[in-house]
Amino acid sequence: MPVTPGLPDSAFLRASVPMTKEEIRALSLCKLQLTAGAVVADIGAGTGSVSIEAARLCVDGMVYAFEQKAAAAALIRQNAAHFCLSNLQVIEAKAPDGIDRIPVPTHAFIGGSSGNLREILEALLARNPSLRIVINTVTLETMAQVQEVLQTLPVTEPEWIQVAVTRAEKAGSYHLLRPLSPVCIISCTGQEDAEQKC
């Protein structure tokens, strides 16, 4: 199986748990700029698709998937077993709870914050002021919240991109283009990193 990001969505066990789609997942991981031996916090992990891909890319690192819903946490464990991953651990808690119990994170992906975005980012940056951060949003309200929160935290100027993916689906002897919901991907780095230039 390829080790590049962008596993097909069909490769994951799904149930009814939300999942970051493969094209968005691949681009989000590129923006996360993972490094060898990375310690990744995946907040609001859902099915664990981002955690799975990060763990496959960082075989010498460790991924901590934070998920508060028991059914989703169980699904992440099933997906980790499905992909034979030993470097992925599920933290069944509502972040920021549990952030202080993992090793110092080098990277954080936030796919869901349950209204605790500020508290989550403050807890993560307290552990590592040079943390690399990627946040995915689909609603205008969350975008506004992200913008407000990031303006008050010690991070580099955030990069904002909106991605709209359209897939061709077979309809009889024809193919129709069906769009997926646009996703905004925001990326930034703890300000301490910006000051360490060489």
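**Figure 1. The buried residues of helix 2 are Ser49, Val50, Ser51, Ile52, Glu53, Ala54, Ala55 and Arg56.** This is a predicted model, so keep that in mind for every view here. Helix 2 is mostly covered, with eight of its nine residues counted as buried. What do these residues pack against? Their partners are helix 1, strand 1, strand 2 (62-66), helix 3, strand 3 and strand 4.

**Figure 2. Threonine 47 sits in the loop between strand 1 (39-43) and helix 2 (49-57).** Is threonine 47 buried or exposed? Its relative accessibility is 0%, so threonine 47 counts as buried. Let's set aside the neighbours within four places in sequence and see who else touches this residue. Threonine 47 is then in contact with Leu13, Arg14, Val17, Pro18 and Met19, and also with Leu75, Ile76 and Asn79.

**Figure 3. Here is an aromatic pair, made by phenylalanine 12 and phenylalanine 83.** The count for this model comes to one aromatic pair. In the pair of phenylalanine 12 and phenylalanine 83, the rings are 5.3 Å apart, centre to centre, with 45 degrees between their planes, and the pair is classed as tilted. Where in the chain do the two partners come from? Phenylalanine 12 belongs to the segment before helix 1 (22-32), while phenylalanine 83 is in the loop between helix 3 (70-82) and strand 3 (88-91). That puts them 71 residues apart, and the pair links distant parts of the chain. Both phenylalanine 12 and phenylalanine 83 are buried.

Figure 4. Most residues other than glycine have a negative phi, and most peptide bonds are trans. You'll find cysteine 84 in the loop between helix 3 and strand 3, and it is exposed, with a relative accessible area of 70%. Serine 114 lies in the loop between strand 4 and helix 4 and is partly exposed, with a relative accessible area of 45%. Proline 96 is part of the loop between strand 3 and strand 4 (107-110).

**Figure 5. Helix 4 (residues 117-127) packs with helix 5 (residues 140-150).** Two packed helices are described by the angle between their axes and the distance between the axes. For helix 4 and helix 5, the angle is about 40 degrees and the axes are 10 Å apart. That makes helix 4 oblique to helix 5. The crossing of helix 4 past helix 5 is right-handed. Which residues make the contact? Helix 4 brings Leu117, Arg118 and Leu121, and helix 5 brings Gln145, Val146, Glu148, Val149 and Leu150. Sorted by class, this contact has five nonpolar, one polar and two charged residues.

**Figure 6. Isoleucine 186 is in strand 9 (residues 183-189).** With a relative accessible area of 1%, isoleucine 186 is buried. How far apart are isoleucine 186 and valine 146 in sequence and in space? They are 40 residues apart in sequence and 8.5 Å apart in space, C-alpha to C-alpha. Leaving aside neighbours within four places in sequence, isoleucine 186 has contacts including Val146, Leu150, Ile133, Val134 and Trp160.

Methods
Residues are numbered from 1 along each chain as its sequence is written. This is a predicted model: local features need pLDDT of at least 70, side-chain atom pairs count only at pLDDT 80 or more; totals for chains, interfaces and linings use all residues. Side-chain values use heavy atoms; hydrogens and water are left out. Axes are lines fitted to C-alpha atoms, for helices over the stretch in contact, and angles run from 0 to 180 degrees between N-to-C directions. Helices (H or I, at least four residues) and strands (E, at least two) are DSSP runs, numbered from the N terminus. Angles under 35 degrees count as roughly parallel, over 145 as roughly antiparallel, 65 to 115 as roughly perpendicular and the rest as oblique. A crossing is left-handed if the near helix is turned anticlockwise from the far one by less than a right angle, and right-handed if clockwise. Contact means heavy atoms within 4.5 Å. Ala, Val, Leu, Ile, Met, Phe, Trp, Tyr, Cys and Pro count as nonpolar, Asp, Glu, Lys and Arg as charged, and the others, Gly among them, as polar. Rings of Phe, Tyr and Trp (its six-membered ring) pair if their centres lie within 6.5 Å; planes under 30 degrees apart count as stacked, over 60 as edge-to-face and the rest as tilted. Buried means under 20% relative accessible area, exposed over 50%, partly exposed in between (1.4 Å probe, protein chains only).
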